[in-house]
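Okay, everyone, thanks for coming. Let's take a look at this one together, starting with a pocket and then moving on to some aromatic rings.

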Amino acid sequence: MKALIHHSFGNPAEVLAVEETATPEPGPGEARVRLTLAAINNHDLWTVAGTYGFKPSFPARSGTEAVGVVETVGEGVEHLQPGTRVATGGTFGVWAEQFVANAAALIPVPDGIPDQVAAQLVAMPFSAISLLDSLNLSEGDWLIQNAANGAVGRLVAQLAKPRGINVVGLVRRAEGIAELQEQSIDRIVATDTEGWQDRVAAITGGAPIKFGVESVGGTAAGDVMSQLAGNGMLVVFGAMASPTLEIGSGDVIFKQAAIRGFWGSKVSGAMPAEDRRRLMGELFAALTDGTITLPVEATFALADIADAVTAHFTPGRTGKVLLKP
């Protein structure tokens, strides 16, 4: 079979290439899946570049999120059958015609969810709802986040609404406000506008903002921290622009603020099965009734990975870039 392989860390557009490799066989508790579509996420490309928290051995496969159809199952697997359509968001090596996964990590996909949605169902949507759930916010509470026009930012805003949680979103350019309004996401403030802090205060009516979600890095982290109330918490989700946080010490000291990280794969791995089912059920319902939308920007063949990487990093992208076998 064919798979995307790299033999060194580096620019994914340069080091990834399609190679012939043996078709894997599932062991006990595993299943082999034939790929339909796979998503490109930032952490996939960071892994190929060697800058992520997980570093594979060479030669290395790539990709972690996909939808496909079960081909065969290993010993002891009873809840999946050949022909079952499944999604996964934590299986390494899915950028291939076929891949083997822990059967417990495969999620059967309801018939009403298209492949283009199922291919990006787990990593970002499940991380977003897990993040929101972990904050234990009550109806009427306020949350502020940057990268509001990113995939997770859009999802957090959409998923918070039916829970009655108020979200203020920060974007780095005024054009981002209109983009989000097209998805009925409001309460957006552009930080390139003078007096944006006053706009945040007007939106909240002076209500305390308990949590801030930080996904950009650099001075953007300080912008979020500056808007938190006393005893607020900054949750670091990503580092789109910089791996370093620039935060005013006064905001931390005088607000008695706290900072913690959120790594979706760690949180998901430690989550009780009951909570996982509850959150996945909430996601399926939100997709079915249109509460959340998962647009696709473009789809590329595995062999066109360089073009796919370029598309992924194109400014203004509003949907996910997908790969197909």
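Before we start, some sorting rules: Asp, Glu, Lys and Arg count as charged, Ala, Val, Leu, Ile, Met, Phe, Trp, Tyr, Cys and Pro as nonpolar, and the others, Gly among them, as polar. Also, keep in mind that this is a predicted model.

So, the second largest pocket: its volume is about 230 Å³. It's lined by 15 residues, and the closest to its centre are A157, Q158, K161, S184 and D186. How does that lining divide by residue type? You get 6 nonpolar, 6 polar and 3 charged. Helix α5, residues 151–160, gives the most, with 3 residues, and strand β9, residues 166–171, supplies at least two.

Now, the rings. The structure holds 5 aromatic pairs. Take F54 and F92: their ring centres are 5.1 Å apart and the planes sit at 75 degrees, so we call that pair edge-to-face. F54 is in the loop between α2 and β4, and F92 in the loop between β5 and β6, so the pair ties together parts that are 38 residues apart in sequence. Buried or exposed, or in between? F54 is partly exposed, at 38% relative accessible area, and F92 counts as partly exposed too, at 33%.

Then there's F237 with F262: centres 5.8 Å apart, planes at 15 degrees, so this pair is stacked. These two sit 25 residues apart, F237 in the loop between β12 and α9, F262 in the loop between β13 and α10. F262 counts as buried, at 7% relative accessibility.

Last one: ring pairs link W46, Y52 and W263 into a cluster. That's it from me!

Terms used:
Residues are numbered from 1 along each chain as its sequence is written. This is a predicted model: local features need pLDDT of at least 70, side-chain atom pairs count only at pLDDT 80 or more; totals for chains, interfaces and linings use all residues. Side-chain values use heavy atoms; hydrogens and water are left out. On a 1 Å grid over the protein atoms alone, a cavity is a set of points where a 1.4 Å probe fits but cannot get out, and a pocket is an open set with protein on both sides within 12 Å along at least five of seven lines; lining residues have an atom within 4 Å of a point. Grid points are joined across faces, edges and corners, and a volume is the space filled by probe spheres set on the points. Helices (H or I, at least four residues) and strands (E, at least two) are DSSP runs, numbered from the N terminus. Rings of Phe, Tyr and Trp (its six-membered ring) pair if their centres lie within 6.5 Å; planes under 30 degrees apart count as stacked, over 60 as edge-to-face and the rest as tilted. Buried means under 20% relative accessible area, exposed over 50%, partly exposed in between (1.4 Å probe, protein chains only).
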